[in-house]
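Thanks for coming. I will go through one model this morning, starting with single residues and ending with the spaces inside and between its parts.

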Amino acid sequence: MLSNKTALITGSTSGIGLGIAKALAQQGANIVLNGFGDVDGPKAEIAALGVRVEYHGADMSKPAEIEAMMAFAAERFGQVDILVNNAGIQHVAKVEDFPVEKWDAILAINLSSAFHATRLALPAMRAANWGRVINVASVHGLVGSAEKSAYVAAKHGVVGLTKVTALETAPTGVTCNAICPGWVLTPLVQKQVDAKAASQGISNEDATRQLLGEKEPSMQFTTPEELGALAVFFCSPAGNNIRGVAWNMDGGWVAQ
Ligand code: NAD
């Protein structure tokens with residue numbers, strides 16, 4: 001369905017971003033990966049799906065590096081047809097204890113990077129009259145949780161940016177939507193499980209059950225594969241007129 005398209009997924013060396021990259025590659029899209037840590041493993045996984053794959057190591061907190069990444073993608077593939085703004089980090093502390101540099105980093109990586117990549121991707125998408133901008137927000141783009149001020153502020157911002165981008169592109173073949181996952185067991189969440197287990201002196205299993213029990217009636221993690229399937233749906237012809245939604249996949253978290 002997506003052969004001849006190129007998808008750039010930020011923060012795709014791990015977790016949800018890698019899951020979405022694989023799902024788009026399974027539909028035939030060429031892939032630009034980005035993120036830190038192991039690159040060869042994710043690159044090989046994508047290449048095994050029979051598509052072209054490139055990697056750019058831009059630090060998403062740095063606008064100049066985001067510009068270099070978008071220029072690299074255009075140079076290698078002609079243009080970016082599908083942009084998935086996914087890179088994100090978390091830090092947990094009360095507002096009055098929140099380290100200022102962590103606030104700045106979360107706003108830069110989780111929110112401003114989506115603005116920069118989107119502003120740089122839109123001209124070519126408009127020219128082609130086809131494009132998909134998919135922002136990986138969170139249930140925290142829709143509701144709050146204690147001790148996550150920067151993350152919740154950034155993710156609410158992402159949902160706002162999604163709506164405005166969708167309105168500005170509404171008369172075109174370019175759409176913009178957000179995906180709002182609940183708990184997904186990636187390294188980002190594993191750190192929170194480990195912290196809970198350590199601070200309460202409980203087992204990892206008990207910490208996991210507690211984490212899910214507080215928020216998710218389904219008592220189940222959402223998987224990167226399920227989120228990948230939603231991204232593919234947004235890219236399908238059925239997604240042509242889905243504009244500006246913030247679609248939660250969250251085991252009932254925000255239905256409560
Ligand atoms: P993860 O830690 O597994 O992956 C994060 C990715 O972002 C990695 O590839 C990492 O290298 C990359 N990254 C981090 N800082 C970066 C930077 N400065 N520049 C470039 N890349 C950077 O986390 P994940 O859980 O897969 O999170 C992906 C997205 O999903 C994030 O935006 C996160 O907020 C969101 N999300 C996660 C959950 C969850 O439960 N895991 C729930 C809702 C939303």
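Val-164 counts as partly exposed, because its relative accessibility is 44% and the class runs between buried, under 20% relative accessible area, and exposed, over 50%, with a 1.4 Å probe and protein chains only. Val-164 is found in helix 5; helices here are DSSP runs of H or I with at least four residues, strands are runs of E with at least two, and both are numbered from the N terminus. Between the C-alpha atoms of Val-164 and Trp-103 there are 24 Å, and along the chain the two are 61 residues apart.

A word on the source. The model is predicted, so local features need pLDDT of at least 70 and side-chain atom pairs count only at pLDDT 80 or more, while totals for chains, interfaces and linings use all residues. Residues are numbered from 1 along each chain as its sequence is written, and side-chain values use heavy atoms, with hydrogens and water left out.

The next residue is Lys-191, in helix 6. Lys-191 is exposed, because its relative accessible area is 62%. Lys-191 and Ala-124 are 67 residues apart in sequence, and C-alpha to C-alpha they are 38 Å apart in space.

Now the domains. The assignment gives domain 1 (6-182 + 223-248) and domain 2 (185-221); such bounds come from an automatic or database domain assignment. The C-alpha centres of domain 1 and domain 2 are 25 Å apart. Twelve residues from domain 1 and seven residues from domain 2 take part in the contact, where contact means heavy atoms within 4.5 Å.

On to the nonpolar cores. A nonpolar core is a set of buried Ala, Val, Leu, Ile, Met, Phe, Trp, Tyr and Cys residues joined through side-chain atoms within 4.5 Å. The largest one has 30 residues, and the members that touch the most others are Leu-24, Ile-31, Ile-46, Ile-82 and Val-84. At least two residues of this core come from each of strand 1 (6-9), helix 1 (15-26), strand 2 (30-34), strand 4 (82-85), strand 5 (131-136) and helix 8 (224-235). Helix 1 gives the largest share, seven residues.

Take Ile-31 as an example. With neighbours within four places in sequence left aside, its contacts include Ala-7, Ile-9, Leu-24, Ile-46, Val-53 and Phe-77. Another core lies apart from the largest one and has 22 residues, including Phe-77, Leu-83, Ala-117 and Cys-176.

Next, the empty space. Rolling a probe the size of a water molecule over the atoms shows where such space is left. The search uses a 1 Å grid over the protein atoms alone: a cavity is a set of points where a 1.4 Å probe fits but cannot get out, a pocket is an open set with protein on both sides within 12 Å along at least five of seven lines, and lining residues have an atom within 4 Å of a point. Points are joined across faces, edges and corners, and a volume is the space filled by probe spheres set on them.

Where does the largest pocket lie? Domain 1 and domain 2 both give residues to its lining, so the pocket lies between them. Its space comes to about 980 Å³. The lining has 43 residues, and Ala-87, Gly-88, Ile-89, Gln-90 and Leu-188 lie nearest the centre. Helix 6 (187-200) is one of the elements that supply at least two of the lining residues, and its five residues are the largest share. By class the lining has 21 nonpolar, 17 polar and five charged residues; Ala, Val, Leu, Ile, Met, Phe, Trp, Tyr, Cys and Pro count as nonpolar, Asp, Glu, Lys and Arg as charged, and the others, Gly among them, as polar.

The second largest pocket has about 320 Å³. Its lining has 14 residues, with Val-92, Lys-148, Gln-192, Lys-196 and Leu-211 closest to the centre. Helix 6 and helix 7 (204-215) are the elements that give two or more. The classes here are five nonpolar, three polar and six charged.

Finally, one cavity of 30 Å³ or more is counted. The volume of the largest cavity is about 50 Å³, and its lining includes Thr-10, Asn-85, Ser-113, Val-136 and Lys-155. Helix 4 and helix 5 each give two or more lining residues, with the largest share, four residues, coming from helix 4. That is the end of my part.
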